[in-house]
Amino acid sequence: MKLEGKNILIISNEPWGDIWFSKHNYAYELSKKNKVFFINPAAGWTFLNLFRRKVEIRKERENLFSLNYNNFLPHYFLRINNRIVSARIRKKLKSEGIQKTFFWSFDPARLFYPQLLNAEYSLFEAVDKYRLSLKGERIMNANVNAVIVISEDFREMYESFGKRVLTVSHAISAEEFDIQNPPSVQPVTDSASALYVGNLDHRLDYRLIRKMAEKFPEVKFVFIGGMKITDDPDFADLFLNKKMPNILYVGKRHFKELKFHIAASRFCIAPMLKFEGNTISHHKIFQYLALGKAVFSCEFSEYKKFSHMLYMENVHERLIEKMEKYIAEGEADEIRKERVVLAKQFSFETIFSDIEKFISENP
């Protein structure tokens with residue numbers, strides 16, 4: 001089965017916007033050969049939802065549309081609400097001339113009956129390590145045709161549902177390798193900058209960030225992304241009270257601008273805390289590698305097979321020692337070229353080819 005000429009529904013637990021995760025990138029790439037409807041998560045339920053029945057579709061780019069709806073009933077009535085909402089979405093799609101769909105969910109806890117959305121084929125893609133604790137999650141796993149996971153670490157859980165499971169890596173767009181056209185905005189980084197791209201949330205190791213900033217006052221540590229944490233004292237010191245002058249938080253930037261900020265930086269960081277599911281892989285790593293950047297991070301289990309291209313350490317002092325040597329001595333041009341070659345092996349073209357083969361062999 002080719003991923004071409006289809007009406008694809010992407011079910012996302014994050015809304016369409018400037019900050020992109022895996023599901024946003026999938027939607028963008030799939031829209032190059034298909035018509036894609038990116039279904040945003042519904043807002044929290046209120047009594048007024050009983051009178052709000054409208055499903056809205058907005059064009060985001062050629063062949064890519066976002067779709068908004070409201071939950072009719074509160075979460076307690078999950079199954080009934082799912083049927084009502086699915087019927088409304090199905091009716092709206094039909095009014096747009098959409099009959100059969102290809103259902104591709106990144107959210108295991110809602111719209112969990114693909115058949116109600118006229119799906120001719122359905123996939124659930126697990127990019128996070130879920131625990132089967134969400135309401136509706138088991139229903140989704142039982143009803144999709146197949147499952148995709150981004151790590152062997154949680155493949156077995158989905159096989160227990162009797163599902164065919166394909167393991168793929170995080171993917172990267174071919175566009176991320178091209179920085180020939182100058183950006184429309186000035187990069188926030190320069191040759192003396194270290195860059196982190198992603199949300200500032202509970203997953204980051206703020207103690208390590210503090211140690212880096214203290215050890216290398218000449219390096220400007222730049223952070224791009226949303227701010228989603230307030231209760232960590234180290235976070236508060238660094239980003240709210242601004243006690244380290246070489247830490248710069250610049251807020252959100254559109255995903256397609258990120259490569260210019262990455263390209264202008266000296267190196268990149270991914271200082272994640274070590275707990276279950278948080279150190280399997282990291283969405284931005286291949287973006288960094290696509291531009292040949294050195295990356296200093298915790299140990300990611302999925303990247304051990306090419307660990308010589310990354311600077312990965314779980315012990316703070318050892319990671320800082322590696323950073324100190326890199327800042328003082330640099331590294332060979334050859335390793336930068338190898339990173340680019342490696343990143344190209346994980347292009348969306350390659351990943352889509354693997355998925356097409358998988359669903360053709362597992363109808």
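Q: What makes 54% of the residues in this predicted model count as buried?
A: The cut-off is relative accessible area: a residue under 20% is called buried. Of the 363 residues in the protein, 54% fall in that class.

Q: How many helices and strands does the protein have?
A: There are 11 helices and 14 strands.

Q: Why is the protein called as compact as a globular protein of that length?
A: Its radius of gyration is 21 Å, and the globule rule gives 21 Å for 363 residues, so the protein is as compact as a globular protein of that length. As for its extent, the C-alpha trace spans about 60 × 45 × 45 Å along the principal axes.

Q: What share of the contacts between residues at least 6 apart in sequence join residues at least 24 apart?
A: That share is 70%. A contact here takes heavy atoms within 4.5 Å.

Q: How do you know that strands E12 and E13 pair?
A: Pairing takes at least two bridges, and three bridges join E12 (residues 267–270) to E13 (residues 295–297), so these strands count as paired. They run parallel. In E13, Ser-297 is the bridge partner of Ala-270.

Q: Which sheet do E12 and E13 belong to?
A: They sit in an open sheet of six strands, ordered E11-E10-E9-E12-E13-E14, with parallel pairing.

Q: Why are E11 and E14 said to stand at the edges?
A: Strand E11 (247–251) and strand E14 (311–312) each have a single partner strand, so one side of each has no neighbour in the sheet.

Notes: Residues numbered from 1 in each chain as written. Predicted model: local features only at pLDDT ≥ 70, side-chain atom pairs only at ≥ 80, totals over all residues. Heavy atoms only, no water. Helix = DSSP H or I, 4+ residues; strand = E, 2+ residues; numbered from the N terminus. Rg over C-alpha atoms; globule rule 2.2 N^0.38 Å. Buried < 20%, exposed > 50% of the residue type's maximum accessible area, 1.4 Å probe, protein only.
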